[in-house]
Amino acid sequence: MQFKHPEILYALFLLLIPIIVHLFQLRKFQKESFTNVAFLKKVTLQTRKSSQIKKWITLLTRMLLLACVIVAFAQPFTSKKNTFNTTPETVIYLDNSFSMQAKGENGELLKRAVQELIENLDPNEPISLVTNTEVFKNTTLKSIQNDLLQMEYAPNQLPYDAAVLKSSKLFSNTANLNRNLVFISDFQEQDKAFSVHLDSLYNMHLVQLKPVNTQNIAIDSLSVNNATATNTTLHVFLKSSEGVSRNVPISLFDGEKLLAKTTVNLTDQAIGEFTLTEKSISNGQIVIDDTSLQFDNTLHFNIDEPSAINVLTIQEDTSSTYLERLFASNEFQLTTTSLNQLNYSAIEKQQLIVLNELGSIPGSLANSLTTFMKQGGYVVIIPNLTSETANYNAILGLYGIQLQNAVTTEKRVTRINYSHPIYKNVFEKQESNFQYPKVNTFFPIQSASGSNVLAFEDGKPFLVTNNQIALFTAALNTGNSNFSEYDLIVPTFYNLARQSLQKAQLYYTIGVENSFDVPVNLEQDGVLSLENENGNMIPMQQYFNDKVTITTTDLPEIAGVYSIKNKTTTITNVSFNYNRQESDLNYQDLSLLKNINISNSVSDIFETIKSDTKINALWKWFIIFALAFIIIEMLILKYFK
């Protein structure tokens, strides 16, 4: 029991006064003469004994009466926690990620959680509420009720530690607050398990909402398995948590037009295949039918007509033709020129420039190449046997690479950096037994930075890259090397060229950083926008001479195929899809967490909070006791003889 005004209890010392008066009260008796003394003594003894008992009972009753009145004025109360004279403050984290689409006993988890919040919160009580996308600070349920009822699912969920930190920062710094953080989620498994460092400033309450069915089928990914001049083969990867074999129909659309349909037998994973004769699909969709989560039943993609990459080769001897053969496809627009016939104005229109075995790099060319690389262009340098290292180092030094004098000794190219972006998806497995290309003369390099792509058997680099530059350390002509005769040269130069212009992929994932190039020449202060029926936005972009590099992370928020527009002109399309991580309906076990209130019901958790903060006032009971003692005293005085 606690008291609102405990200082009043000092008045209980006043109870000593009636005790002292009772004990030291002086009484004078007058003597009277009676003939029958024996009879008088007997009556006197009986009267005094009864009077003493009556007085003691009356004294006790009056003391209890006074004590009850004093305690009543001190206002006693009881509560589970010391919450008297404190103001409640509640912060709620509501997980609105896609996994909350799963159905519980009373419907979708998110919608049921919103309904229980509306039923259990005082409409005018101050609260703060956080979701994965919104923050409502110092508001009331009445103000945000419509926002809660219309809440959309978010494509990405905050990490649990970030959600706790974001929510806890909404508590005010005011003293005498009873702070409660209510964390509502299904607690799906993430890279980092949910853990809480208890904070003395607030009480943590966890509400884990559980679906009745954890079975789900999802479209995991899509890839181009093979592309020829006439056909394109797409592979659709499905995954399931059911563990039961079933036939799943897959439909392929271009907008509203159904292009193809197939069925796969799915247990855990399966691959569906489509062979297309269309060279481009502007608004592609892969669709399956599943009654569980809905966000992963559709995957958007687009295949555009490929735009050619502009490649310029500068060389002294135009008799070398292996580069012309490498860049002969329609994917490249190749221009070959000798150094003395170079048109410098053409440099800014290129994406890739190859310096093919120049004896020296003129200063004017070096300056143009430096500007070209700063504008996002890519340069490949191939020295010849008589190249002037000091002249080359003037431009290579800007990227931390220094050529040393040539060494004439036979070297074999035996080491391949399979993890380098140039060889991504090139090899099915790491080869350890194949015929190695060789060189007769090479230039050792001193590199403070950069990445080895190909290396000799002693680890010295044969091909090194750093940002916008790639350097071969040996001449590739047939007199010095047989590298041009090996198949390895094809993916090497092909992907070096592809790196110079990051073409849009089949689709991108919302919530991760994506970057791609759009070949376009913009007017001054011109910008590109992403547009479709869901709206339009201006993404983060960087303009170069002949292209714009677009970078996206959280935008757009809605999956779909978007047109990249320059004012009203559509340049190309790009597709975005939701992250598929939440398709796996696996949940964390919170039972090991200690000193935290855990429930599977929003209603129960708020009942617990109300019970913990409920104050039971007891002063009325002491007033009733005081009245009872008054009645008891009156009865004693009247009827006790």
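Among contacts in the protein chain (heavy atoms within 4.5 Å) between residues at least 6 apart in sequence, 70% join residues at least 24 apart. This is a predicted model, in which local features need pLDDT of at least 70 and side-chain atom pairs count only at pLDDT 80 or more, while totals for chains, interfaces and linings use all residues. Residues are numbered from 1 along each chain as its sequence is written, and side-chain values use heavy atoms, with hydrogens and water left out.

**Overall composition**

- The secondary structure of the protein chain consists of eleven helices and 37 strands; helices (H or I, at least four residues) and strands (E, at least two) are DSSP runs, numbered from the N terminus.
- Of the 641 residues in the protein chain, 45% are buried; buried means under 20% relative accessible area, exposed over 50%, and partly exposed in between (1.4 Å probe, protein chains only).
- The protein chain exposes about 34500 Å², of which carbon and sulfur atoms supply 50%.

**Aromatic pairs**

- The whole structure contains 23 aromatic pairs; rings of Phe, Tyr and Trp (its six-membered ring) pair if their centres lie within 6.5 Å, and planes under 30 degrees apart count as stacked, over 60 as edge-to-face and the rest as tilted.
- Phe 472 and Phe 493 form a stacked pair, because their ring centres are 5.4 Å apart and their planes stand at 10 degrees.
- This pair links distant parts of the chain, 21 residues apart, with Phe 472 in strand 27 (residues 469-472) and Phe 493 in helix 9 (residues 489-500).
- Phe 472 is buried at a relative accessible area of 0%, and Phe 493 is buried at 1%.
- The rings of Tyr 562 and Phe 576 have centres 6.0 Å apart and planes at 75 degrees, so this pair is edge-to-face.
- Tyr 562 lies in strand 34 (residues 560-566) and Phe 576 in strand 35 (residues 569-577), so the pair ties together parts 14 residues apart in sequence.
- One aromatic cluster includes Phe 327, Phe 332, Phe 472, Phe 493 and Tyr 494.

**Salt bridges**

- The structure holds ten salt bridges, each defined as a side-chain nitrogen of Lys or Arg within 4 Å of a carboxyl oxygen of Asp or Glu.
- Asp 458 forms a salt bridge with Lys 411, and their closest N and O atoms are 2.4 Å apart.
- That pair links distant parts of the chain, 47 residues apart: Asp 458 is in the loop between strand 25 (451-456) and strand 26 (461-466), and Lys 411 is in strand 22 (residues 407-416).
- Asp 458 is partly exposed, at 36% relative accessible area, whereas Lys 411 is buried, at 13%.
- In the salt bridge between Glu 116 and Arg 112, the closest N and O atoms are 3.2 Å apart.
- Glu 116 and Arg 112 are four residues apart in helix 3, and therefore about one helical turn separates them.

**A buried threonine**

- Thr 313 lies in strand 17 (residues 309-315) and is buried, at 1% relative accessibility.
- The side chains of Thr 313 and Thr 336 are joined by a polar contact of 3.1 Å; such a contact is a pair of N or O atoms within 3.5 Å, where within protein one must be able to donate a hydrogen and the other to accept it, and residues adjacent in sequence count only if both atoms are side-chain atoms.
- Leaving aside neighbours within four places in sequence, the residues in contact with Thr 313 include Leu 323, Leu 334 and Val 354.

How values were computed. Areas by Shrake-Rupley, 256 points an atom, 1.4 Å probe, with all protein chains shown as cover.
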